[in-house]
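Visitor: I would like to take a close look at a single part of this model, with a careful explanation that I can follow step by step.

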Amino acid sequence: MFLFPTPSIHQTLRCFVTHGTMSHPNPDQLPAKAKPWSAFLSQAFVHKVDLILPDEVLQLVKEKILNDMGRAPSYQRVFMTLGQVLEGDFFTQYIKIGNIMMLSEGKIDLDNVFSIKDGQLTMYLDQESYERVGLVGKPQSVKGSRGLYSTWIVEYDLRSPSALHGRKGFDRLVYACKNALSQPTFWLFCNLSHTPSPDPIAKHPSTRYTSNPGVVQTMTKIPELRVPSATLADKSRQDFDEYATDVYEWLSLVRLESPRVKRDDNIDPYLSTYTVPGGPSNGDEAQLCKISWQGFIPPRWVATTLANLIKTLPPKAWFSFSATPITCDSIRCGGDCTILRPPSSPGEYVLWEIKEHNERVRRLAI
């Protein structure tokens with residue numbers, strides 16, 4: 001008798017760790033299929049970016065990256081219907097000619113949610129809306145008690161040569177947007193190419209936001225961040241797993257600004273048993289800086305910023321760079337990615353990727 005796990009779209013996440021080396025990057029020509037760049041570029045909609053580095057290199061990062069206001073990612077919050085996205089100059093200038101990414105508000109399994117990235121329209125529809133639009137899709141969730149799926153996915157390539165008004169397939173999509181999906185909603189909008197003149201988005205109510213970086217400095221206990229040489233020589237997986245777990249946990253606490261890693265932390269061990277790896281006598285203390293960007297951030301900006309950091313910082317300086325996507329489990333935007341360049345290790349990196357590991361259960365559910 002075979003025991004299969006209960007089908008579910010909410011699968012257990014697993015952390016995959018990669019240790020490797022990389023060449024000096026060119027921010028204008030990043031290798032999209034090579035790690036660590038592929039991990040960050042595979043994310044769809046990034047919500048937050050965190051940079052952790054020693055205080056002594058903060059001024060250098062400010063001069064080269066933070067003080068350049070043109071580097072800060074910007075986006076807009078616009079109120080419009082899906083049908084308005086597919087008509088007029090907005091469709092021609094932004095989707096056919098330009099390059100944008102958009103995400104509508106709502107929560108999958110409760111609302112109809114739409115996203116556009118690289119010209120690909122993805123619609124997450126409830127059962128009733130899916131039956132009304134009359135378009136072909138595939139189920140995303142498992143069957144309910146009545147044998148019905150709660151969420152369906154409909155995808156359409158808006159850059160296809162057949163995606164033109166007057167073509168049968170595209171006209172069916174436009175008809176569905178006007179009759180079944182006509183409710184206006186708020187969208188997050190990010191333009192990844194030049195802005196056309198006149199700007200088609202000016203016809204719709206919108207608010208512009210800029211993801212200005214926030215800087216937090218704190219005196220922190222620091223563990224040994226370099227990969228143990230004995231671990232690399234012996235190729236001991238157990239020792240490397242222990243190192244990767246300890247360092248990732250510490251980096252996560254620094255990102256959360258947890259008092260457990262601060263120098264003056266004196267919490268009762270009964271309430272928290274966490275200690276910085278290495279113990280109180282072995283851990284160093286230093287002033288750390290956490291620089292954060294938050295908003296609707298394109299993955300290309302994340303990868304380019306990482307490349308600029310590697311070019312800007314001294315080769316022996318260590319840093320950690322993390323990117324967290326929006327609702328990664330529901331919209332499949334890729335998982336959380338964190339990269340560490342250990343101290344005195346130019347070209348070397350450790351990469352943590354949070355991924356969904358049980359793809360077989362997803363296929364069984366469908």
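Which residue lies over the face of F16, and at what distance from the ring centre?

Guide: In this predicted model, the residue over the face of F16 is K355, at 5.8 Å from the ring centre. A search of the whole structure finds 16 aromatic pairs, and one of them is formed by F79 and F186, a tilted pair with 4.7 Å from centre to centre and 50° between the planes. This pair links distant parts of the chain, since F79 belongs to strand β3 and F186 to strand β9, 107 residues apart. F79 is partly exposed, with a relative accessible area of 32%, and F186 also counts as partly exposed, at 29% relative accessibility. Y130 and W152 form a pair whose ring centres are 4.3 Å apart and whose planes meet at 5°, so this pair is stacked. Because Y130 lies in helix α5 (residues 127–133) and W152 in strand β8 (residues 151–157), the pair ties together parts that are 22 residues apart in sequence. Y130 is buried, with a relative accessible area of 14%, and W152 is buried as well, with a relative accessible area of 13%. Finally, F45, Y75, Y209 and F296 form one aromatic cluster.

Methods. Residues numbered from 1 in each chain as written. Predicted model: local features only at pLDDT ≥ 70, side-chain atom pairs only at ≥ 80, totals over all residues. Heavy atoms only, no water. Phe/Tyr/Trp six-rings, centres within 6.5 Å; stacked < 30°, edge-to-face > 60°. Helix = DSSP H or I, 4+ residues; strand = E, 2+ residues; numbered from the N terminus. Buried < 20%, exposed > 50% of the residue type's maximum accessible area, 1.4 Å probe, protein only. Lys NZ or Arg CZ within 6 Å of the ring centre and 35° of its normal.
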